[in-house]
Amino acid sequence: MCRHLGWLGAEVTLSSLVLEPPQGLRVQSYAPRRQKHGLMNADGWGVGFFDASSGGDVPRRWRSSAPLWGETSFESVAPALRSHCVVAAVRSATVGMPIEVSAAAPFTDGHWLLSHNGLVDRALLPASAIGARAESVCDSAMLAATIFDRGMDALGDTIIELGAADPLARLNILAANGSRLVATTWGDTLCILRREDGVVLASEPYDDDPDWEDVPDRHLVEVSADGVKLTALDHPKGAR
């Protein structure tokens, strides 16, 4: 359910990350190669990036409830939009969830951009956080509101807690704040590509570069100026 991608590094065009790769998010919207749940991602898309003209810490978003493969307006502008930090996603909606712009990732609290690949029982999410922050009634937006309320530094603990409460949950999170890129694997795929100019985290490789690495399930990934760090989520804190 859904595919997402994050970038942290040198300034690059949104087109080079989302549209131009041979198996990028545009192709993954109709023909994903590693998706375990669902056949395509036609229920919307979103691209969030940090605006260098505003100091590099202001999140901007372009979202739609239409399939990415038909977005000619975004295709015409994406080569001119550049950023050092990006979160993008294509959506396959959970059954019963609304298909609307506000349900498309990335979600934001004004500082972070966040995407969720998976599903979670909404009844397990605290009403206080949801009422104050959720952009939509869909499970991903409500989960994002819960994570924002608890704080990104508690992301690993939040995912462990929700995963224990909902054995059927899939909780792959991808988030960025302009200087950090963080992600979790819990029930679905995530890959890393360490390029000379930065790091890509993605649900699946956007090309056939042999340097793509698979992230083990139930791990927290943190990307910053210090490098890439992986921490197991089902063991006491202590990074691998």
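The dialogue below reads a few features of this predicted model, one at a time.

Q: What should I know about the model before I start?
A: The model is predicted, so local features need pLDDT of at least 70 and side-chain atom pairs count only at pLDDT 80 or more, while totals for chains, interfaces and linings use all residues. Residues are numbered from 1 along each chain as its sequence is written, and side-chain values use heavy atoms, with hydrogens and water left out.

Q: In what order do the 6 strands of the open sheet lie?
A: Strands of a sheet pair through backbone hydrogen bonds, either parallel or antiparallel. Helices (H or I, at least four residues) and strands (E, at least two) are DSSP runs numbered from the N terminus, and two strands pair if DSSP finds at least two bridges between them. Here the order is 5-6-7-8-12-13, with antiparallel pairing, and the edge strands, each pairing on one side only, are strand 5 (107-108) and strand 13 (227-232). Within this sheet, strand 8 (residues 181-185) and strand 12 (residues 219-224) pair over 5 bridges, and Val182 stands opposite Glu222 in strand 12.

Q: Which strands does helix 5 touch?
A: Contact means heavy atoms within 4.5 Å, and angles run from 0 to 180 degrees between N-to-C directions, the axes being lines fitted to C-alpha atoms, for helices over the stretch in contact. Helix 5 (residues 139-150) packs on the sheet and touches strand 5, strand 6 (113-119) and strand 7 (170-176), its direction making about 130° with that of strand 6. Helix 6 (residues 155-165) lies across strand 7, strand 8 and strand 12, at about 165° to strand 7.

Q: Which residues of the largest nonpolar core touch the most other members?
A: A nonpolar core is a set of buried Ala, Val, Leu, Ile, Met, Phe, Trp, Tyr and Cys residues joined through side-chain atoms within 4.5 Å, where buried means under 20% relative accessible area (1.4 Å probe, protein chains only). Of the 28 residues in this core, they are Leu114, Leu143, Met152, Leu155 and Leu171. Its largest share, 6 residues, comes from helix 5. A second, separate core of 23 residues includes Leu25, Trp45, Phe49 and Phe74.

Q: Which residues point each way from strand 10?
A: Gly198, Val200 and Ala202 point one way and Val199 and Leu201 the other, and all are buried. Strand 10 (residues 198-202) is joined to strand 1 (residues 3-13) by 5 antiparallel bridges, and with strand 9 it forms a hairpin that has 2 residues between the strands.

Methods: Buried < 20%, exposed > 50% of the residue type's maximum accessible area, 1.4 Å probe, protein only.
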